[in-house]
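Please look over the structure below with the following points in mind, which concern helix packing and the surface.

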Amino acid sequence: MEAHEKVAPSVIWSIIGTAGVACSGVLVETSMNVTFPTLMKVFNQSLNNVQWITTAYLLAVTLTIVLAAYLQRSFKFKSLIIAAGTASVIGGVICMLSNTLPVMLLGRVIQGIGTGIAMPLLFSIIMLEVPRAKQGSFVGTAGMIVALAPSLGPTYGGICLAALNWRFNFIFTLPITIIFCIIAARFMSDNEAHRDHFNFSEYLLIVLALVALTLAVNNLSSGFASPLVWGGLLVTVISFVIFFKLAKQEGKAHIINIAVLKNTSFNLGLLIYTFLQFIQISLTFVIPNLAQLGLKTSALTSGMLLLLGSLLSAFFGPVMGRLLDSQGFKKLFLIGSFLAMAGILLYIIFAQKLSIALIVIFHVMFMTGFSMMYNNSMTIGLQQLEVMHIADGNALFNMLQQYSGSIGTAAMSVIIAIAGSPYQGQSKQVVMGSQAAFIVLFVFTLLIFACVLRLIKRDKQGMVKN
């Protein structure tokens, strides 16, 4: 390896520490999904209300990530990782001690702020401190850790629930967060920081748009005539229209530099990444609840269903990153998109005859395709940008990653409720509703395939930098 391609040990340790803080937060993101049937009884709430434990967390992460570019320009990285660790620990303690759903949601929001700071910081360190020739491997490894966490969440949550109780989901992650935060702060290098003007109006518009859209999706079961649905969609559209008009004004500091969206190759990488995350987080909601409420398995068993696919994805993540560095993205993305489509299509075909073995096999198939494209789509997308725009592009990737997960959880809950309502018995309702959810997810795999074909076409025209 050439000297200029070597990565300093301090950079590696700062990446490890930051990844640990992000990972511990994301682990609890989906570990609570498997506890929903239990928490419905503990808090005396419906599934649609309890799922806000995940939706509110992801929304908080998203709205924090929106600020990533501003925060990374305005504050030292060391200060940011300390703030991230502190918020994660405080939020975790509140969740651990909560006895009502509102208190739990407060803790989840605070936790989400911590994860929302740590996650984009992790990838910014890699894109700024790691040589370009090694970025695929590092993004693949770091992305694998972050992507592994939500997939392992149901397994982790199921084990905690079976052996102890749901509060241990938070108890076990607290010391992990503290240790990794100390490591990251110890080795984090000083970066140039200058306090930018904070564009509050742009941020408020993004908050309004995303919150309104989340509320609209959560209330779709009431029909489009519901004020929360049509009103939420209207507020979303108006807010985004005004935001983009303000963001185009020159001579002002912006929350996110939307000039990055003029790069079509960047946009394609962003869409592939976002759609994959939507499907993955949706599966971590649909499968455990289908297993418990539809197939009547235990919480531990339902959590373990995603373990094999998650572990294989973790193994393949760095490998696929190295393949990207050495061979490019075309074969990886084509094979990956076919595997993703096949995995979800098989869920649709066998939805009413699923067994534990079939659920595991189909999930392994999807996660193999997922690992070929997920982190690599971020690497390809960010490599299309100038260095000065990396923070903005990184913020968009991480923001849409988390928000797509938030919308995915909410959307699957609504789809299952609507599609299952004509049937008698909870088991039949959940099975039929889950089949409808798989159909929606298959449509997203088709969109991913279309994006892959367009990206390959642009590469043949010499319009993709890799």
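1. Helix H11 (residues 200-218) contributes the most to the nonpolar patch, with 3 residues; helices here are DSSP runs of H or I with at least four residues, numbered from the N terminus. The model is a predicted one, in which local features need pLDDT of at least 70 and side-chain atom pairs count only at pLDDT 80 or more, while totals for chains, interfaces and linings use all residues. Residues are numbered from 1 along each chain as its sequence is written, and side-chain values use heavy atoms, with hydrogens and water left out.

2. The patch lies on the surface and is formed by Phe 200, Leu 204, Leu 208 and Val 235, which together have about 350 Å² of accessible area (Shrake-Rupley method, 1.4 Å probe, with only the protein chains shown counting as cover for residues). Patch residues have over 30% relative accessible area and no salt bridge, and nonpolar side chains (Val, Leu, Ile, Met, Phe, Trp, Tyr) are joined within 5 Å, like charges within 9 Å; a salt bridge is a side-chain nitrogen of Lys or Arg within 4 Å of a carboxyl oxygen of Asp or Glu. Leu 208 is found in H11.

3. H11 packs with helix H12 (residues 227-247) at an angle of about 155 degrees, their axes being 8 Å apart (axes are lines fitted to C-alpha atoms over the stretch in contact, and angles run from 0 to 180 degrees between N-to-C directions). The two helices, H11 and H12, are therefore roughly antiparallel to each other, a term for angles over 145 degrees.

4. Helix H6 (residues 77-97) and helix H7 (residues 101-129) also pack, at about 155 degrees with axes 7 Å apart, and H6 and H7 are therefore roughly antiparallel to each other.

How values were computed
Angles under 35 degrees count as roughly parallel, over 145 as roughly antiparallel, 65 to 115 as roughly perpendicular and the rest as oblique.
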